[in-house]
Amino acid sequence: MTTPTAAVPPATRPALHQSVGFGNLLLSEWTKLRTLRSNRLSAAVIVLGTIGLGVFLGARWAHQHGPLDPDFDATNVSLSGVYLVQIVVGVIAAMAISSEHTTGMIRASFCAVPQRRALIAAKALVVAASTFVLAGISCFAAFGSGQALLAGKHAGVSLADPGVLSAVFGSGLYLTLVAVLGFGLGTAIRHTAGALTAFFGVLFAPSALVDLLPTSWRNTVIEYLPANAGSQILTLVHKQGALSAWAGLGVFGLYALGAVLAGFALCGRDS
């Protein structure tokens, strides 16, 4: 004699291999990013550093005795904070993924979302989008504050002047690409110390090592190095032979793209 068993309704059966959905991944990664106190503090440093240095240097040049140099770049002065906060942006972006590998939390993430590349893509999009918004607002605020101070010395410029809007908007894009570069290296290397070493090595070391080359080679190569190429967007006064603003940003974007592609290619390794 057999005991009849009740059939399990389809709705109550566990859903195996059910897709989480890319929208839910984005929401999850955004929640993870914004709720970490260290990330909130870093965001405050990015805003204050970008605006604060622009205001400080604007006030410094506004109180300069005598006429300013004919090549004085008021836009670059207001955006000087970008040179400083790019370090914070790259470090935070690299640690957004490398810290999970270091602590082992990435295993839980990959168990919940077996589609590793989808998870990495969601992380990358959240890091890039949040950096773009934060950096863009900070750059425009730094520009406005700095120009308000320089206007007293009749050295200020406006967004309507040739090349100024591109420089301010492009500065936000530059910081976004710095974040993408750091995230790509963090994904590929999967260790915080190694990722940060690689980030500083890629961004800054080539500018020092290029001096070892013969002068004719150095003068050609140096314009295509990551920091030199990318930072052309921050200035309206370019040296002879330097890349144009958008060409330089494009070259820097290739470095960031290469780092991300390396990260995607290597993210399938065992964690």
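Helix α1 covers residues 22-35, and its 14 residues reach 20 Å from the first C-alpha to the last, close to the 20 Å expected at 1.5 Å a residue, where the expected span is 1.5 Å times one less than the number of residues. Helices here are DSSP runs of H or I with at least four residues, numbered from the N terminus. This is a predicted model, in which local features need pLDDT of at least 70 and side-chain atom pairs count only at pLDDT 80 or more, while totals for chains, interfaces and linings use all residues. Residues are numbered from 1 along each chain as its sequence is written, and side-chain values use heavy atoms, with hydrogens and water left out.

- Leu25, Glu29 and Leu33 are buried in α1, buried meaning under 20% relative accessible area and exposed over 50%, with a 1.4 Å probe and protein chains only.
- Because these residues cover an arc of only 65° around the axis, they lie on the same side of α1, the arc being that of the directions from the helix axis to the C-beta atoms.
- On the other side of α1, Gly23 and Leu27 are exposed.
- The cover over the buried residues of α1 includes α2 (37-62) and α6 (116-150).

**Threonine 176**

- Threonine 176 is found in helix α7, residues 164-189, and is buried with a relative accessible area of 10%.
- Leaving aside neighbours within four places in sequence, threonine 176 is in contact (heavy atoms within 4.5 Å) with Ala128, Thr131 and Phe132.

**Annotated regions**

- An unreviewed UniProt entry places the feature "transmembrane region" at stretches including 163-185 and 192-210, and such annotations may be inferred rather than shown by experiment.
- Over residues 163-185 the chain is 96% helix and 0% strand, with the end C-alpha atoms 32 Å apart.

Technical notes:
Helices (H or I, at least four residues) and strands (E, at least two) are DSSP runs, numbered from the N terminus.
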